[in-house]
Structures are given as structure tokens and as C-alpha cells.
Amino acid sequence: LAAIETSHILDRCRLREALAQLEAARHRAQLQDDFLAAISHDIHTPLGFIKGYTTSLLRSDAEWDHETQREFLTIIDEETDRLVNMLDRLLDSARLQQGMLPMDFQPVRLEALIRDVALRMQTRVPTLRIALDLADAPPLQADVVRLGQVLENLFDNALKHAPGAPIKITLQATPDTQTIVFADEGPGIPPQHLPFIFERFYRVPGESAARGTGLGLFICREIVCAHGGQISVETSPGKGTAFRIDLPLQPPRWPSDSVTRQVVRGRSPYEQ
């Protein structure tokens, strides 16, 4: 009798496990279907602008003054940049997924890197309000380009989901770890979506105005993990969202399964 009961328990456990795997597979398939529909729209939008304004400039039956030509070319340039950025994210995502994205580690001062990225974003979006509270921390071993990409992705995420909200970036240091906290004062993230926001292709439903590939935070997580670090998020509806990145001074000796690492010797421009 005990053996039969044990067998039934094992069968139920196996069934629950199989159902969980099916649900996970269904969820991944739904994410990919949503992504394909969204990316088709997102790619066609800049292409439509580029095609439309190019066709207008090439019309033989119209003459455009210099100011109008410059306006059309500026739109074409901006939409091309948008399309290139989108395709770069797709390529990075595929490389991360397949373990083919190299990492070049050098001594990096996070304070200098954060200031540089913040200045670039301020130049790009003059109305952006950014406050910095950065500890004087020693250099750590990192890929300066990829960590810059993480910060830029967090800025892009805030601009989409918390437009107009102030952003505060803090840097704290301990003997073994340096911590970046990237916080906005936007509407926050509904709690039911928090378990999924770092998943590939995931976008918070209902935010049709905030277009994107659903790859930015996934790429952030993979790059941070490649540095032996962790990224987490805290949010309060109506009060804002804070992303926390913990980075060790030295990355793990061996590459992770998901990312190819390459340690290079030399001085980073952010080491000074």
C-alpha cells in the first residue's frame, strides 16, 4: 500500500513538473510571437519614414527649399539611427543567447564612465534631469563599452516608461564590490510584471506608446552577469523604479556559459 501511495505521489510530482515545463514553453512561444509582431511594426515604422522622405526629395515635380531639405534629411538620419540601434540590439541579443559576445576587460573607474554616459544623454535630451551621487571608487575590471551600453539601455528604458521624470544615479563602493543604483521617479512597474522584465522579448503589456524590442533589460542582465555581477529592480507604483547593479572588483576567472570573455591588457580612458 505504501509503495502504491509513493508511486502516486511521484506520478503527481512528474505531472506537475511536466505541466510547469509546458507552461514555460507556452510562455516563451507567446513572447516570441508577440516579439515578431512588434518588431515587424517597429522595423517598418522607420523604414516608412526613410522611404517617404527620400521619395519626396527625389520627386522631379517638386522643388524644396534648403530648410525643408535639411528637415527631411534630419528625419531620415534620425530614423536610420533608430533602425541601426534596433538591429544592433537584435544582434547583441543573438550573440548573448549563443555565447558569442566577447568581453574586453580593462581597469575602469565607474564614476568617470557614469559621468560620461550621463553627459551624452543630457546632450541628446536637453530636458532630461539627472542627479549624480558618486563615491570615489578604485578601478574595477570591466568591459567599458558593454557597461556603457547597460547604462544607456537603462536611460532608454526610463525615457520610454518614465518620460519627464528625474533620474538619480548613485555609486557606492565596498572593498570587494561596487554598486550602481539607477532610479527614476516615474509611475513604477506593476508588480505582476516584475518576474519577467529581464526576459528576452518581454514588454509590459498595454504600453503601446513605449515602443521597443523588449531586449534592452535582457541585454543589461546578460552583460552584468558576464561581469560576475547581479542586477535587480525595486519599484513602487506611482513612486518610481530603481535598478541596482552589483559588480565585483574582479570578474570571475573563467567565462560563463552564456558569454565569451576576453581579458585584455591596457589602460582604459576611464582609469584615470
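The following exercises, each with a worked solution, concern the predicted model shown above.

Residues are numbered from 1 along each chain as its sequence is written. Local features require a pLDDT of at least 70 and side-chain atom pairs 80 or more, while totals for chains, interfaces and linings use all residues, and side-chain values use heavy atoms, without hydrogens or water.

**Exercise 1. Confidence**

State what average pLDDT the protein has, and examine residues 254-266.

Solution. The pLDDT is the predictor's confidence in each residue, from 0 to 100. The protein averages 81, and 78% of the residues score at least 70. Over residues 254-266, however, the value is below 50, although this stretch has 35 contacts (heavy atoms within 4.5 Å) in the model beyond near neighbours in sequence. Where pLDDT is low, the predicted coordinates should not be read in detail.

**Exercise 2. Helix α4**

Determine how the span of α4 relates to expectation, and whether its residues are mostly buried or exposed.

Solution. Helices (H or I, at least four residues) and strands (E, at least two) are DSSP runs, numbered from the N terminus.

1. Of the 18 residues, 13 are buried. Buried means under 20% relative accessible area, exposed over 50%, and partly exposed in between (1.4 Å probe, protein chains only).
2. At the start of α4, a side-chain oxygen of Asp 143 comes to within 3.0 Å of the backbone nitrogen of Val 145.

**Exercise 3. Two aromatic pairs**

Classify the pairs Phe 49–Tyr 53 and Phe 155–Phe 182.

Solution. Rings of Phe, Tyr and Trp (its six-membered ring) pair if their centres lie within 6.5 Å; planes under 30 degrees apart count as stacked, over 60 as edge-to-face and the rest as tilted.

1. A search of the whole structure finds five aromatic pairs. Phe 49 and Tyr 53 are stacked, at 6.4 Å centre to centre and 10° between the planes.
2. Phe 49 and Tyr 53 are separated by about one helical turn because they are four residues apart in helix α1 (residues 2-58). Phe 49 is partly exposed, with a relative accessible area of 36%, and Tyr 53 is partly exposed at 23%.
3. The ring centres of Phe 155 and Phe 182 are 4.9 Å apart and their planes lie at 85°, so this pair is edge-to-face. Phe 155 lies in α4 and Phe 182 in strand β5 (residues 177-184), so the pair ties together parts 27 residues apart in sequence.
4. Both Phe 155 and Phe 182 are buried.

Note on methods:
Polar contact = N/O pair within 3.5 Å; in protein donor to acceptor, adjacent residues only side chain to side chain.
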